[in-house]
Amino acid sequence: MPNRRLVSRRRALWLGLASLTSIGAIATARAGYQSYYQSLDNPKRDFKVTGYAPLKKRAEAKGIIFGSAIRQDLLVSDSRLATSFAQQCGILVPEWELKWNILRPAPDKFDFSKADWLAQFARTHGMLFRGHTLVWYQVLPKWFNEIVNRQNAEKFLVEHIATVTKHYAGQMHSWDVVNEAIEPEQRRSDGLRNSPWLEFLGPDYIELAFRVAAQADPKALLVYNDYGLEYDTPTDEARRTAVLKLLERLKSRGTPLHALGIQSHLTGHETRFNPKKLQNFLADVASLGLKILITELDVVDQKLPVDAAVRDRIVARVYEDFLSVVLDEPAVIAVLTWGLSDRHTWLSNHAPRSDSASVRPLPFDSNLKSKLAWNAMARAFDNARKR
Ligand code: G3I
């Protein structure tokens with residue numbers, strides 16, 4: 001029979017050793033975590049800004065347009081947000097209201113009421129108005145799946161684009177004609193994303209969309225818009241290559257395509273930012289005779305330390321570092337954030353924090369107080385070269 005006291009002493013020893021090892025592992029992990037975030041954060045970095053001019057004025061002084069996406073219901077219900085929006089933004093893009101699911105309650109019906117309200121708000125406050133988006137694989141209305149097929153898809157696409165672009169003809173600064181048509185991970189040789197449009201019409205749906213839009217609204221700048229183009233990662237590299245190939249193909253066929261929209265949903269904890277690679281990509285796009293718009297800028301803070309001061313500093317750093325690189329390219333003519341205040345951002349649902357602290361990805365906090373991210377943007381515009 002084993003000696004009980006000896007066994008329990010041994011067990012205690014083992015448990016002690018095991019817990020020491022796990023404490024060691026936790027300590028090492030914590031040290032790793034701290035040094036990783038220290039490398040992202042520089043408490044001494046200066047985000048000083050001269051004067052109080054709003055972002056739109058600072059951008060305008062350099063020939064750049066600044067603005068943001070917004071939802072109609074928010075402008076209607078939140079007068080303080082509406083005031084800040086009008087002060088800061090020179091261009092407005094509806095976050096929801098021009099997408100198929102909102103515009104097309106039924107196959108034979110268009111409902112422009114919310115988007116028209118936003119167009120009027122923009123006009124009243126002297127802002128440009130921008131359209132997002134005519135062709136996307138997401139947020140198609142429920143009836144779409146039941147009704148649209150290979151035989152009638154072209155009719156639906158052409159009718160939709162012609163009706164919507166004519167409705168706003170002469171009023172739109174620019175249209176995201178096609179959104180997110182690239183997905184190299186799906187391994188097609190042309191890099192195109194599987195979507196109902198591709199399935200029903202083949203790759204030429206993209207060119208068709210641009211031609212219909214150009215005919216109905218010859219004044220609007222016609223944009224191809226996509227995400228995942230910013231970082232020095234294999235995924236983003238593949239996406240840049242596929243987008244460039246698509247733009248080259250469209251241009252070589254004389255498609256009325258005028259600009260690339262780079263969404264720029266950036267990541268606060270991502271370190272693989274390579275200014276040179278991004279600059280080269282922007283220069284390649286510009287060499288095709290295209291303008292570039294930063295269309296949906298924000299910075300995900302999901303994995304950053306919870307301390308708001310540290311988080312805001314890291315987010316601001318990402319804004320300024322990114323914008324100073326992209327604004328160095330003269331073809332970049334506009335910068336839009338995807339929302340203005342942390343009070344309303346798609347990232348609250350899409351990239352929430354595990355500690356349930358509220359997210360802080362935008363230039364204004366949830367009380368509409370400007371944050372360091374605002375300073376970062378102001379500095380980037382102030383330091384940008386004039387167009
Ligand atoms: O449809 C209901 C609507 O009837 C209701 O009034 C509302 C009340 O909350 O909910 C509505 O659904 C919302 C829908 O937008 C409206 O179309 C969803 O909850 C919401 O999650 C959904 O998300 C939007 C998404 O696009 C789809 O339109 C996001 O807010 C918006 O930020 C996002 O924007 C996209 C760009 O278009 C393209 N690039 C990526 C970007 C972020 O995903």
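**Notes on cavities, pocket and helix packing**

1. Val135, Trp136, Tyr137, Asn179, Glu180, Ala181, Arg193, Ser195, Trp197 and Tyr205 line the second largest cavity (on a 1 Å grid over the protein atoms alone, a cavity is a set of points where a 1.4 Å probe fits but cannot get out, and lining residues have an atom within 4 Å of a point). By class, six of these lining residues are nonpolar, two polar and two charged (Ala, Val, Leu, Ile, Met, Phe, Trp, Tyr, Cys and Pro count as nonpolar, Asp, Glu, Lys and Arg as charged, and the others, Gly among them, as polar). The volume comes to about 40 Å³ (the space filled by probe spheres set on the points, with grid points joined across faces, edges and corners).

2. Before going on, the ground rules. This is a predicted model, where local features need pLDDT of at least 70 and side-chain atom pairs count only at pLDDT 80 or more, while totals for chains, interfaces and linings use all residues. Numbering runs from 1 along each chain as its sequence is written, and side-chain values use heavy atoms, with hydrogens and water left out.

3. Back to the cavities: searching the whole structure turns up three of 30 Å³ or more. The largest cavity holds about 50 Å³, and its lining is Ala69, Ile70, Arg71, Leu74, Leu81, Glu95, Gly339, Leu340, Ser341 and His344. That lining splits into five nonpolar, three polar and two charged residues.

4. Glu180 sits in the loop between β4 (172-179) and α9 (196-201) (strands, E, at least two residues, and helices, H or I, at least four, are DSSP runs numbered from the N terminus).

5. Check the backbone at His132 as well: the peptide bond joining His132 and Thr133 is cis, with omega about 0 degrees. Thr133 belongs to strand β3 (residues 128-135). For context, most peptide bonds are trans, and most residues other than glycine have a negative phi.

6. Now the largest pocket, with about 920 Å³ of space (a pocket is an open set of points with protein on both sides within 12 Å along at least five of seven lines). It has 39 lining residues, and Gln263, His265, Glu296, Trp346 and His350 are the closest to its centre. Two or more lining residues come from each of α5 (100-103), α11 (234-252), β7 (265-267), β8 (291-300) and α14 (347-350).

7. On to helix packing, starting with α13 (residues 308-326) and α15 (residues 372-383): their axes come within 8 Å and cross at roughly 20 degrees (axes are lines fitted to C-alpha atoms, for helices over the stretch in contact, and angles run from 0 to 180 degrees between N-to-C directions). The two helices are therefore roughly parallel (under 35 degrees; over 145 is roughly antiparallel, 65 to 115 roughly perpendicular and the rest oblique). From α13, the contact takes in Asp312, Arg313, Val315, Ala316, Tyr319, Glu320, Leu323 and Ser324, and from α15 Leu372, Ala373, Ala376, Met377, Arg379, Ala380 and Asn383 (contact means heavy atoms within 4.5 Å). Nine of these residues are nonpolar, two polar and four charged.

8. α8 (residues 153-167) packs on α10 (residues 205-216) at about 30 degrees, with the axes 8 Å apart. Glu154, Leu157, Val158, Ile161, Ala162, Thr165 and Lys166 of α8 meet Tyr205, Leu208, Ala209, Val212, Ala213 and Ala216 of α10. The tally here is ten nonpolar, one polar and two charged.

9. Glu237, Arg240, Val243, Leu244 and Leu247 in α11 meet Lys277, Phe281, Asp284 and Val285 in α12. That contact has five nonpolar, no polar and four charged residues.
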